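Reader: Please take one part of the sheet and go through it closely, residue by residue where that helps. I would also like to see how that part sits within the rest of the chain.

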Amino acid sequence: MFSKTLASGARLRPLEPWMAEEFAAHLDRAREHIRPWVGPSFVTEDVAGARATLGRYAERAAREGAGIYGIWSEGALVGGVMFVEFVPATGGFEVGCWLEPGAEGHGHITSAVRELLAYAFDERGMHRAEWRCRSDNERSSAVARRLRMTLEGVLREAWPVGGVFHDKQVWSLLASEWDGAGAASA
């Protein structure tokens with residue numbers, strides 16, 4: 001898809017299966033921090049698991065044109081964003097993210113998600129973006145608010161983690177609300 005310098009100064013570029021060792025090393029730094037907030041299949045434990053995760057996204061990117069993208073700050077992979085779902089036939093997509101603790105607070109995620117929204121809305125002509133997060137994940141909810149997404153509702157006890165069910169927020173942004181310049185229109 002692209003390689004871009006983000007407003008935060010970090011670099012956004014595709015994460016590909018050949019980067020599995022770097023991705024696995026990054027997950028070693030981030031694993032326990034992100035485990036409560038991302039799907040269990042994403043939090044792999046070794047290079048083979050990292051390669052499998054990146055392979056799944058590479059296959060989807062080849063089919064749909066949307067995949068997974070890493071965020072590099074000062075030369076190190078510190079997190080990323082991805083299209084969790086991307087369905088051109090319906091015009092709908094879901095964006096997700098993760099970040100290791102030392103990279104929080106620099107605007108990397110908001111900036112990277114803006115790039116994915118611009119790609120989906122402006123280049124691919126998609127209609128509806130979704131952002132889903134645990135209701136108690138304030139950092140993730142804050143990203144949705146900064147992007148001027150609308151909180152559509154809460155799915156009660158829809159996010160199981162370690163045998164405990166958590167509420168899940170569903171946020172959205174429509175193409176008609178996107179101003180094409182990297183922010184939602186007022």
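Author: With a relative accessible area of 54%, glutamate 157 is exposed (over 50% counts as exposed, under 20% as buried and anything in between as partly exposed, with a 1.4 Å probe and protein chains only). The model is predicted, so to speak of local features a pLDDT of at least 70 is needed, side-chain atom pairs count only at pLDDT 80 or more, and totals for chains, interfaces and linings use all residues. Residues are numbered from 1 along each chain as its sequence is written, and side-chain values use heavy atoms, with hydrogens and water left out.

Glutamate 157 is part of strand β7. Strands here are DSSP runs of E with at least two residues, helices are runs of H or I with at least four, and both are numbered from the N terminus. The phi of glutamate 157 is positive, near 45°, in a residue that is not glycine. Most residues other than glycine have a negative phi. Glutamate 74 is another non-glycine residue with a positive phi, of about 55°. Glutamate 74, however, sits in the loop between β3 (68–73) and β4 (76–87), and its relative accessibility of 84% makes it exposed.

Strand β7 (residues 150–161) runs antiparallel to β8, and 8 bridges join the two. Strands are said to pair if DSSP finds at least two bridges between them. One of the bridged residues is leucine 151, whose partner in β8 is tryptophan 171. The hairpin of β7 and β8 has 2 residues between the strands, and glycine 162 in it has a positive phi near 55°.

On to β8, which also pairs with β6. Strand β6 (residues 128–134) and strand β8 (residues 164–174) are antiparallel, with 7 bridges. Apart from neighbours within four places in sequence, leucine 174 is in contact with Phe121, His127 and Arg128, where contact means heavy atoms within 4.5 Å. Its C-alpha atom is 32 Å from that of alanine 52, which is 122 residues away along the chain.

The whole sheet is open and has 8 strands in the order β1-β2-β3-β4-β5-β6-β8-β7, with mixed pairing. β7 and β1 (4–5) are the edge strands, each pairing on one side only.

Helix α4 is the next element to consider. Its buried residues are Ser140, Ser141, Ala142, Val143 and Ala144, and α3 (108–123), β6 and β8 are among what covers them. Serine 141, in α4 (residues 138–146), is buried at a relative accessible area of 1%. Beyond residues up to four places away in sequence, serine 141 touches Cys133, Gln169 and Trp171. Arginine 148 follows α4 and has a positive phi near 60°.

As for the chain, there are 4 helices and 8 strands, in the pattern β-β-α-α-β-β-β-α-β-α-β-β along the sequence. Its radius of gyration is 16 Å, close to the 16 Å from the globule rule for 186 residues, so the chain is as compact as a globular protein of that length. That radius is taken over C-alpha atoms, and the rule is 2.2 Å times the number of residues to the power 0.38. The C-alpha trace spans about 40 × 40 × 35 Å along its principal axes. Among the 186 residues, 48% count as buried. Of the contacts with a separation of 6 or more, 60% are between residues 24 or more positions apart.

The accessible surface of the chain is about 8,800 Å², and carbon and sulfur atoms contribute 51% of that surface. Accessible areas come from the Shrake-Rupley method with a 1.4 Å probe, and for residues only the protein chains shown count as cover.
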